[in-house]
Amino acid sequence: MQLVGISASVVVGTLLVVVLWALRRRLLACERALERREQELAVSRAAEQRLGEELVEARRAEEEARRARAEAEAASRAKSAFLANMSHELRTPLNSILGFAQLMERDLSLGHRHRENLMVICKSGEHLLGLVNDILEMAKIEAGRMTLVDADFDLHAMLSGLSEMFSVEAQKRGLTLAIERAQDVPQHVHGDEGKLRQVLINLLGNALKFTPRGSVTLRAWARRGTGAHDGAAAARVRVSFEVVDTGRGMAKEEVEELFEAFGQTATGRRSGEGTGLGLHISRRIVRMMGGDMQVESQPGRGTTLRFDVRLTLADAGDARPGGAARARRIVGLAPGQPRYRVLVVDDRWDVRHCVLKLLDSVGVEVRSATNGLGAVAQWETWSPHLVLLDLRMPLLDGYEAATRIKSSPRGRETVVVAMTASAFEQNRSLAAEAGCDDFLSKPFRDAEIFNLLTKHLGARFELEEGPAERRPAGPPAVDLARAAAGLPPSLRKDLRRAATRLDAKAVQAAIDRFRPEDSELAGAVAELARGYRFDSILALSSADEEEPS
């Protein structure tokens, strides 16, 4: 019995030990589970804290982005307002400078020296206007406001005008300028003549600027649209242009940066000229016209810039006259026409005076007003046929004045042309909404004023006689060549050398040497020199060498 009791005690003790050991293991497992849970909770709390911090940071970033966006929009509005004001403030005095220079050019009593001074004034004014336009074009590109203004124009005349424009600069730099036009280039086309000319002027100007010696060549060729059964396709034409120079050329890394805004090559930076906007704007214009621009260049081997644009064919009668028509100025109204009345409204005296003098010089009856209230009063009492109306004026601006004039049946018969120095196209649409019949941007040319009278009133003008018509009959060219052949050989040699170098001063010095003996020949050669016709002078001074002995 005692043994049985001992055995039971051992068993019970053993069982207790086993149970306690199992409980202990269970407790340890629970403790480990609790520790893991606490660690997970700690990680979760840390993640939650990080998430909260990220949310706070995201809200802060969103608020900063909202604030930055608001500031950017305000800055953009301020920039647009600034550019609009600067456009008006810069272009308005430029209008007076170029306008009065054109008025003086119409004075046939001016001597050659004064005409040369006027050319300098006009050239400098046009250069300044070009810089202003570059900045404004860049602003319009950024704002997405640059648009094409298509019309019919004479492409051949435009290319001839470019040749005339740059020939003097090329001769002054001792360069050869060539304009090569393929036979397939159409003469009368439809497109944005102004922007195409802007691109070509920029490319030619850059080529001449950065070419120390050699030549600059502008080539043009065309590819007609295909489609025998599609009239629209057959009327389309793709015109390609290529400007090739023998200048310094550019390295590959410079070519890659060539079209960036405000970017300039090393050569451009050394020259200290330009804004670095011209090529950037030009490529944007070309792309708007359905083409693209490529450049090929190597250091020391010159540069080739090539682009193409889409145009459509136009009728010869619809195309605007180009550079050739500028040679003959309007001198007055043709006989048998009514006395046209034109009202000029502008708050600036210089603008009013310039237009008044221009229109009065050709026989147009003209009056002026300084603001919109005066314009409405003059219109009511005087009944002008056409009103040239500035849009930005005190008391009553041009928009409101146009609205008041056009609100009556009699006013709807009056032609109202909006004038503005702002370069933004939105002014054009606003002017049209106010009832204006046409739009004139400052600075304007005298031909644009006369074209408005022809377009809206049917006015016809008399043109001055061309140079060939005004020049009195003189000795034939062969006599002039024979007279030049009579000059001493040493003098002909000096004249030939000066003409070869395109040196106007040396040519004049040679002329002065034989003027006492032959004033008529001296005058003829001097006239050639003033026209930079060094090729004709070279032909005269070499005429005797071409004859057999």
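Reply: Happy to. Ser383 sits in the loop that links helix H10 (372–382) to strand E11 (386–390). Please keep in mind that this is a predicted model. The backbone of Ser383 deserves a glance: its phi is near 55 degrees, a positive value in a residue other than glycine. With a relative accessibility of 28%, Ser383 counts as partly exposed, since that class lies between the buried limit of under 20% and the exposed limit of over 50%.

Next comes a residue in a strand. Asp438 is part of strand E13, which covers residues 438–441. Is Asp438 buried or exposed? Its relative accessibility is 17%, so Asp438 counts as buried, because the cut-off is under 20%. The side chain of this aspartate has a polar partner: it makes a polar contact with the side chain of Lys455, at 3.0 Å. If neighbours within four places in sequence are left aside, Asp438 is in contact with Val416, Val417 and Ala418, and also with Leu452, Lys455 and His456.

Now to the helices. The axes of helix H17 (residues 489–500) and H18 come within 8 Å and cross at roughly 160 degrees. The two helices are therefore roughly antiparallel to each other, because an angle over 145 degrees counts as such. The crossing of H17 and H18 is left-handed. On the H17 side, the contact is made by Ser490, Leu491, Asp494, Leu495, Ala498 and Ala499; H18 brings Ala506, Val507, Ala510, Arg513 and Phe514 to it.

Which residues of H18 are buried? In this helix, spanning residues 504–514, they are Val507, Ala510, Ile511 and Phe514. Seen down the axis of H18, these buried residues fall within an arc of 105 degrees, so they line one face of the helix. Putting the two lists side by side, Val507, Ala510 and Phe514 are buried and also take part in the contact with H17.

Technical notes
Residues are numbered from 1 along each chain as its sequence is written. This is a predicted model: local features need pLDDT of at least 70, side-chain atom pairs count only at pLDDT 80 or more; totals for chains, interfaces and linings use all residues. Side-chain values use heavy atoms; hydrogens and water are left out. Buried means under 20% relative accessible area, exposed over 50%, partly exposed in between (1.4 Å probe, protein chains only). Helices (H or I, at least four residues) and strands (E, at least two) are DSSP runs, numbered from the N terminus. The arc is that of the directions from the helix axis to the C-beta atoms. A polar contact is a pair of N or O atoms within 3.5 Å; within protein, one must be able to donate a hydrogen and the other to accept it, and residues adjacent in sequence count only if both atoms are side-chain atoms. Contact means heavy atoms within 4.5 Å. Axes are lines fitted to C-alpha atoms, for helices over the stretch in contact, and angles run from 0 to 180 degrees between N-to-C directions. Angles under 35 degrees count as roughly parallel, over 145 as roughly antiparallel, 65 to 115 as roughly perpendicular and the rest as oblique. A crossing is left-handed if the near helix is turned anticlockwise from the far one by less than a right angle, and right-handed if clockwise.
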